[in-house]
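Student: I have the sequence and the model open. Can we work through a few local features?

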Amino acid sequence: MKLQASSYLLAQKDKLKEIIAILAKEFAYVSILGTDVDGKMYVVSTTKSAIEPSMDQERGFVLRVFQDTGVSEYSFNVVDVSYVVDRVREIAKKDRERFRAKGILPYAKAPSDEPATVYHLGEAKCLPQNDDPGEILARLQAIHDANIGTCEEVSFLQLTHSVTQINKIFLSPHRDLYQSYAYANATIVALATDGEKRKIEYKGLSLLGGSELLDEVEANVPGVCARAVELLSAERVEPGEYDIVCEPDFTGLIAHEAFGHGTEMDMFVKHRAKGEEYLNKRVASDVVVMHDGASAIEEVSSYAFDDEGNLANDTVIIDHGIFKRGMCDTLSAIQLGVEPTGNGKRESYKRKAYTRMTNTFFEGGTDSLEEMIASISHGYLLEGMHSGMEDPKNWGIQCVAAKAREIQDGKLTGKIVSPVYLTGYVPDLLESISMVSPKVEMSGTGYCGKGWKEWVKTSTGGAYIKARGKLS
């Protein structure tokens, strides 16, 4: 079923167009992004239950103008035409004086404003406006109660479920864009103890849509509880270099950390990313094809246009081992002399747009998981992503897996090690990838920060891959 459009945004459209018409006579470029985001998060655990607002909730506008010295922006949430116009003039004048005094001329031209019209309403099996909060909380409680007693060692179980609807409008002299889409996230956390050790197992679930995700929550809880108990017998890995197989969640973490951040091209402008030196050069093995894009696959970071009015794209970043191009926002694209890729995203209407990842993943291949395991004399199958860090300037990486299963003579031994740290130099890791399974699986439960701030929704994924990695 189609989502319902934001009556608030559409009611402001005529006033927003009036602001643009006035300012277009004075500035080389004018645009307005409007946002109306709402949603709820449900939490049920062994100790509490609650309904909270979505952490992404917001409503407001950001106006961007260009003049000979560059860009100025103004955020507002009251659409008073005269006040907004006067305020932007004032901000732009002060910016111009400051830029000229410092000799700053960062942009050779204003953004392109090619004509485009988009009106996109996403779909959901369960429309957010039809959700009954009491029924959703009751269902989560029933799922919790049906599972908490099935494993004696599981002393704590927490289920979260959220649905967020994103409504955005983007207007400029030649662009009239509107979109509504919804995504759902869920997490399952189980804590197991044997009286001495305590272990936590986590599973994230996501989709473009609504509360139909609860079916997946119900199906996955028993497995999460069982794996939490399994972790009680985990040992520490003997540090060393091993043949490894990565499950899709962990493959996605590698894609995001190893070659995602390093190809955000706003870092090329500041010469802070190693990827700048490797355009059209080999960075991975022939079996590696990597994508990023809001239209590349359907997940939580799929949209019709970005926060700068660029239409969604599917960017092939690595093409059979060759780094072909990075991701780019509008302002960085102007500075670098390239086209924007639809990756300009804001944490909110109050914040700056940066180059940000959307749906980042390795394309599927032709090898089976069974063939990968059978090909390894001694190594590990890495499962579950905990966290990751990257150094875009020097291409160092650290990815943390929840656990790994030992492989000996082509078979799983039943031995588990946890946690597991994968470290190394990005090209070495990517060039070691020798096998890739066909099915791509995505995960969009998390957020990505630009450094330590500017959090936005992203999704990552891929298939099972075989590689060579340093584990500790």
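**Rings, a helix and a strand**

Tutor: The charged end of R59 sits over the ring of Y8, 4.1 Å from the ring centre. A charge counts as over a ring if NZ of Lys or CZ of Arg is within 6 Å of the ring centre and within 35 degrees of the ring normal. This is a predicted model, where local features need pLDDT of at least 70, side-chain atom pairs count only at pLDDT 80 or more, and totals for chains, interfaces and linings use all residues. Residues are numbered from 1 along each chain as its sequence is written, and side-chain values use heavy atoms, with hydrogens and water left out.

Student: Over which ring does the charged end of K281 sit?

Tutor: The distance from the charged end of K281 to the ring centre is 5.9 Å. The ring belongs to Y278.

Student: How many aromatic pairs does the structure hold, and what is the angle between the planes of Y29 and F66?

Tutor: The structure holds ten aromatic pairs. Y29 and F66 form an edge-to-face pair, 6.1 Å centre to centre. The pair links distant parts of the chain, with Y29 in strand β1 and F66 in strand β3, 37 residues apart. The angle between the planes is 85°.

Student: Why does Y29 count as buried?

Tutor: Buried means under 20% relative accessible area, exposed over 50%, and partly exposed in between (1.4 Å probe, protein chains only). Y29 counts as buried because its relative accessibility is 7%.

Student: Where does α1 bend?

Tutor: Helices (H or I, at least four residues) and strands (E, at least two) are DSSP runs, numbered from the N terminus. Helix α1 covers residues 7–23, and its buried residues include Y8, L9 and Q12. The bend at a residue is the angle between axes fitted to the seven residues ending there and the seven starting there. For α1 that angle is about 45°, at K13.

Student: Is L207 buried or exposed?

Tutor: L207 lies in strand β8 (residues 198–208). Its contacts (heavy atoms within 4.5 Å) include A182, Y183 and V300, not counting residues up to four places away in sequence. At 17% relative accessibility, L207 counts as buried.

Note on methods:
The expected span of a helix is 1.5 Å times one less than its number of residues. Rings of Phe, Tyr and Trp (its six-membered ring) pair if their centres lie within 6.5 Å; planes under 30 degrees apart count as stacked, over 60 as edge-to-face and the rest as tilted.
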